[in-house]
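Let's take a friendly walk through a protein together.

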Amino acid sequence: MPTTHSFDRYADIMLALGDPHLVPLPAAETGPPGSLAWLRANVARFSSGEDHARRRAAVEADLALLAPGEAARAYALDPRRDDERLRVVRALARCLGLADPHGVALAVRTVAAAYFGTADAEAERAADAAVAWLLPHVGGEGERAANRIGLLVQGCEATATLIDHARRATTAHPDTATLLEDTLRRNPPVRQLRRTAVRPTRVAGVEVGAGDLVLLDVVAAHGRPDAGVEEHRPDPLTFGAAPRLCPGRAQAMALATAALQPAPPESGAAVAGMVDHVLSLAATWTAWDGKPVPAGDRVYTPHKAIRRVADHLTDHLAELEARLAGEPTEPDHWHASATTTPADLAPFTPDDLDEARSRLTRLARIWSHRLGALTPAQLDDSPGGGWTFRHLALHVSDSVYYAEAVGDLSATPNMTTTEGLPA
Ligand code: HEM
């Protein structure tokens with residue numbers, strides 16, 4: 001009958017984590033390629049021995065492409081202000097050069113909800129579908145692709161939780177680094193680590209039999225005054241320890257630091273950031289193969305994406321001006337994304353790119369000047385009903401959706417996204 005052993009002292013936990021006879025609970029069984037069970041059976045996280053060493057090397061090779069500073073920059077420039085888990089994964093996906101970072105983030109979030117095996121049957125099924133969708137979207141194949149998905153899944157929930165815990169900290173801190181350091185110890189995102197014994201072993205004088213379960217209480221270990229934590233300032237246990245020390249630690253800290261910057265981008269900067277991102281994608285569209293790209297129940301082409309971004313900016317700017325002037329807004333006669341016109345299907349030439357650049361940059365500047373002329377109170381007001389102007393600016397910043405539907409055509413074939421704007 002397996003016994004459960006619990007440890008809550010820093011030094012004992014370090015011994016257990018370094019013990020080669022204690023391994024993470026392995027994935028129960030594998031499943032068909034592209035299923036959640038297959039993913040679990042192929043990632044470093046749930047494996048040990050040679051499998052672990054090889055898979056960990058694959059993860060580290062990927063992380064070498066993911067400079068922490070770049071991850072922070074991608075996070076800060078992301079115009080969307082949505083779920084923190086999505087923001088974290090989009091930043092990582094952008095740094096890995098994946099097309100459709102938003103689609104990848106949605107799928108990774110779904111996988112993360114079931115990855116550790118505690119989800120219900122419905123969440124497991126959703127995760128199966130998400131893994132199958134992710135496989136052709138992350139580059140590489142087989143074990144390599146599985147570990148790339150594993151890396152994104154590992155980063156998703158834990159980093160978002162760290163950001164959330166740091167934002168909710170009640171004590172004042174002199175700077176972001178101290179705030180994060182303190183959060184990692186007092187309210188860590190990973191609170192407990194688990195191991196099972198593959199052979200009999202002994203941890204801090206306790207006999208552990210083969211098959212026994214070992215629970216390592218990270219929160220208690222950090223909280224103990226006798227743990228030597230303050231004295232030696234060892235690493236926070238929430239990132240684990242060698243040979244499985246979290247390989248994404250630097251990226252997690254860079255993302256969290258970016259997330260906690262005191263001043264979020266102003267509304268005008270969010271619109272400008274959106275246009276920058278759209279134009280960086282558009283710069284790859286002269287390679288478009290002429291086939292409309294499906295996204296949800298719509299299709300997109302380069303010209304159509306530019307048309308939608310420009311019309312979306314124009315539409316809501318007209319709304320904003322009308323409401324400020326106390327006049328009714330124009331009735332909605334847009335065909336928006338529901339139609340794909342012959343002009344939308346035309347090739348996207350370098351001249352078209354130039355024109356798009358001139359058009360969208362000017363529209364972003366008009367938005368920026370208009371928003372900059374409003375007081376904070378006006379920005380949070382909603383004359384004539386509807387969204388506040390601040391909300392309107394963020395909504396318009398979501399126009400990246402149209403461009404991401406077409407995607408980055410320099411790297412991989414066209415991708416689809418699974419969620420977006422209604423129009
Ligand atoms: C605050 C955020 C994070 C925390 C607290 C965290 C914590 C951990 C811990 C405790 C482990 C080891 C689990 C064990 O020994 O049982 C781990 C493994 C791992 N983490 Fe993180 N992590 C974070 C963010 C990230 C990020 C951003 C990435 C990727 C960019 C990442 C990638 C991984 C991978 C691939 C593994 C498996 C490594 C292996 O099995 O050798 N993590 N993480």
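Aspartate 100 sits in the loop between helix 5 (84-95) and helix 6 (101-112); helices (H or I, at least four residues) and strands (E, at least two) are DSSP runs, numbered from the N terminus. Although aspartate 100 is not a glycine, its phi is positive, at about 55°. With 1% relative accessibility, this aspartate 100 counts as buried. Here buried means under 20% relative accessible area, exposed over 50%, and partly exposed in between (1.4 Å probe, protein chains only).

Alanine 204 also is not a glycine and has a positive phi, of about 45°. You can find alanine 204 in the loop between strand 4 (201-203) and strand 5 (206-208). Its relative accessibility is 41%, so alanine 204 counts as partly exposed.

## How the model is read

This is a predicted model, in which local features need pLDDT of at least 70 and side-chain atom pairs count only at pLDDT 80 or more, while totals for chains, interfaces and linings use all residues. Residues are numbered from 1 along each chain as its sequence is written, and side-chain values use heavy atoms, with hydrogens and water left out.

## A cis peptide bond

Between alanine 242 and proline 243 the peptide bond is cis, with omega near 5°. Proline 243 belongs to the loop between helix 11 (229-232) and helix 12 (249-259).

## Around the ligand

How many residues surround the ligand? There are 24, and the closest are His52, Arg56, Arg195, Thr238 and Cys246; a residue is near a molecule if one of its heavy atoms lies within 4 Å of it.

A polar side-chain atom of arginine 195 is 2.7 Å from an oxygen atom of the ligand. The elements giving two or more residues to this shell are helix 3 (49-63), helix 8 (142-167) and strand 3 (192-197). Helix 8 gives the most, with 6 residues.

## Two packed helices

Two packed helices are described by the angle between their axes and the distance between the axes. For helix 13 (residues 267-282) and helix 15 (residues 350-372), the angle is about 170° and the axes are 8 Å apart. Axes are lines fitted to C-alpha atoms, for helices over the stretch in contact, and angles run from 0 to 180 degrees between N-to-C directions. Helix 13 and helix 15 are therefore roughly antiparallel, a label for angles over 145 degrees.

Terms used. Polar contact = N/O pair within 3.5 Å; in protein donor to acceptor, adjacent residues only side chain to side chain. Parallel < 35°, antiparallel > 145°, perpendicular 65-115°, else oblique.
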